[in-house]
Amino acid sequence: MGKAGKPGKPKQQHKVKVLHPNSRKAAKVTGTCMRKQRIQRAHTETALKQTLLLDKLQWFKDNRDESKDSYTKTDMVELVKRYIHRFDDELEQIEIIHGMKSRKNRQHAAREDVIRMTMKREEQAFNTSGIEMPDLCDAKNLELFLKWDGTSKHAHLIKMRLVKLSDSSLSSKQVGKHKGAKDEDKRRKEEEDKGRQGDEDASDVQSDDEDNAIDENERTDSMDVDMTPDS
């Protein structure tokens, strides 16, 4: 019969050392964590921008006029107008869902709000600084864009440019027409004011003539009374 072994000594547990919040080591650990967070956030933002760029390039490639071999600034302006309203069909479907009597809650509210905010921001940019799109006026860039395979590998080779509403020759004509209409309205208003002033002057003259006639009648009546013999 073997001897019973001696009970072993209990293993000592290592105590976790708590760092002082103001210590150099704690500051180093905190700085390392913040750096990792910044790097992760930068990677996320870069990936999001890349995705948005690829979606934009793909939209312009799918919705361009295939019969055109070259583009003018006016053509690019019209293409950007269509790009801004690319969500119209989706908004129409959401409106149909909201119009159903059986739908009490406002479904797809978040999606609708995001779409409307995006459209408003793009319209403001289009009317001021411009919206970035592939430079289709450049023949070499257009050829490169048409050969693009839809991936991010060669997307950075496509030259982009800002397009705004004032780039269109049609918009300048409309602005000139609008200015001419304003001048016509101003001229018409001045003529109406002159006519109104003339009517007021004529009314004043007529009033003066009537006052003079009344004074003359009163003077005549007074003379008749004076010339009447006393009885």
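**View A. Residues that join helix α1 to helix α2 in this predicted model.** In this close-up of a predicted model, K56, W59, F60 and N63 of α1 meet L79, R82 and Y83 of α2. Sorted by class, the contact of α1 with α2 has four nonpolar residues, together with one polar and two charged residues.

**View B. The crossing of helices α1 and α2.** Two packed helices are described by the angle between their axes and by the distance between the axes. Here α1 spans residues 24-63 and α2 spans residues 73-84, and their axes come within 11 Å while crossing at roughly 115 degrees. The crossing of this pair, α1 and α2, is right-handed.

**View C. Helix α3 packed with helix α4.** Helix α3, which covers residues 88-99, packs with α4 at an angle of about 145 degrees, and the two axes lie 11 Å apart. The crossing of α3 and α4 is left-handed. On the α3 side the contact is made by D88, E90, L91, I94, E95 and H98, and on the α4 side by R111, E112, I115, R116 and M119. By class, the contact of α3 with α4 has six charged, four nonpolar and one polar residue.

View D. Grouped by class, the lining of the largest pocket has ten nonpolar, eight charged and two polar residues.

Note on methods:
Residues are numbered from 1 along each chain as its sequence is written. This is a predicted model: local features need pLDDT of at least 70, side-chain atom pairs count only at pLDDT 80 or more; totals for chains, interfaces and linings use all residues. Side-chain values use heavy atoms; hydrogens and water are left out. Axes are lines fitted to C-alpha atoms, for helices over the stretch in contact, and angles run from 0 to 180 degrees between N-to-C directions. Helices (H or I, at least four residues) and strands (E, at least two) are DSSP runs, numbered from the N terminus. A crossing is left-handed if the near helix is turned anticlockwise from the far one by less than a right angle, and right-handed if clockwise. Contact means heavy atoms within 4.5 Å. Ala, Val, Leu, Ile, Met, Phe, Trp, Tyr, Cys and Pro count as nonpolar, Asp, Glu, Lys and Arg as charged, and the others, Gly among them, as polar.
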